[in-house]
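Colleague: Please take a close look at a single part of this model and describe its surroundings. I would like one connected account.

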Amino acid sequence: MSGLRIGLVDGDGGGEALEEWRYVHNVVVPPAAMSVEEARERLGRGYRLENAYDGDVLVGCSTVRPAVGGVVTVIARVLPEFRRRGFGAALYEHALAYARVQGAEVVETCVLGVNEDGLRFARRRGFAEVERYVLDGESDEWVDLRLVL
């Protein structure tokens, strides 16, 4: 993991970096797969989107939503074939550091209920489950978790 590099998806539409971010997002959370337009819309709302690379190999991505009342949502995603190598921890810590600079007092995250790796990852970092739900018209369960800093 010594070659881990984290790159910002820029605000000019993102180009290849946005497509890579979207690829990881869609592999990790297929029920919430996004189009390019939906991903661009997140950039427009001030979301900080980043990609993680092991050297030149894409291994994950993260999202940090803007702070609202001291609450910041941080989501780290790692492609399944790269899990359990420390990439998620490094990506999460990087995103968490940015959230703290934004004034986060509380960090929230959301994990697809069937993603046991993601749920274990969040719980090991002190997140507590606050809600499980299924969106209207959908069948996939989502889990919201919260960590007070």
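**A strand residue and its surroundings**

Modeller: L8 belongs to strand β1, which covers residues 4-8. The model is a predicted one. L8 counts as partly exposed because its relative accessibility is 48%, which lies between the 20% and 50% limits. Beyond its neighbours within four places in sequence, L8 is in contact with R48, L49 and E50.

S62 is 54 residues from L8 along the chain, and the C-alpha atoms of the two are 9.6 Å apart. S62 has a relative accessible area of 0% and is therefore buried, the cut-off being under 20%.

W21 is among the residues with the most contacts inside the largest nonpolar core, as are V9, L18, V24, L49 and F82. That core has 24 residues. At least two of its residues come from each of α1 (15-28), α2 (36-44), β2 (48-54), β3 (57-64) and α3 (87-101). The most come from α1, which gives 5 residues. Another core, of 17 residues, lies apart from this one, and V64, L96, L119 and L145 are among its members.

How values were computed: Residues numbered from 1 in each chain as written. Predicted model: local features only at pLDDT ≥ 70, side-chain atom pairs only at ≥ 80, totals over all residues. Heavy atoms only, no water. Core = buried A, V, L, I, M, F, W, Y, C linked by side-chain atoms within 4.5 Å. Buried < 20%, exposed > 50% of the residue type's maximum accessible area, 1.4 Å probe, protein only. Helix = DSSP H or I, 4+ residues; strand = E, 2+ residues; numbered from the N terminus. Contact = heavy atoms within 4.5 Å.
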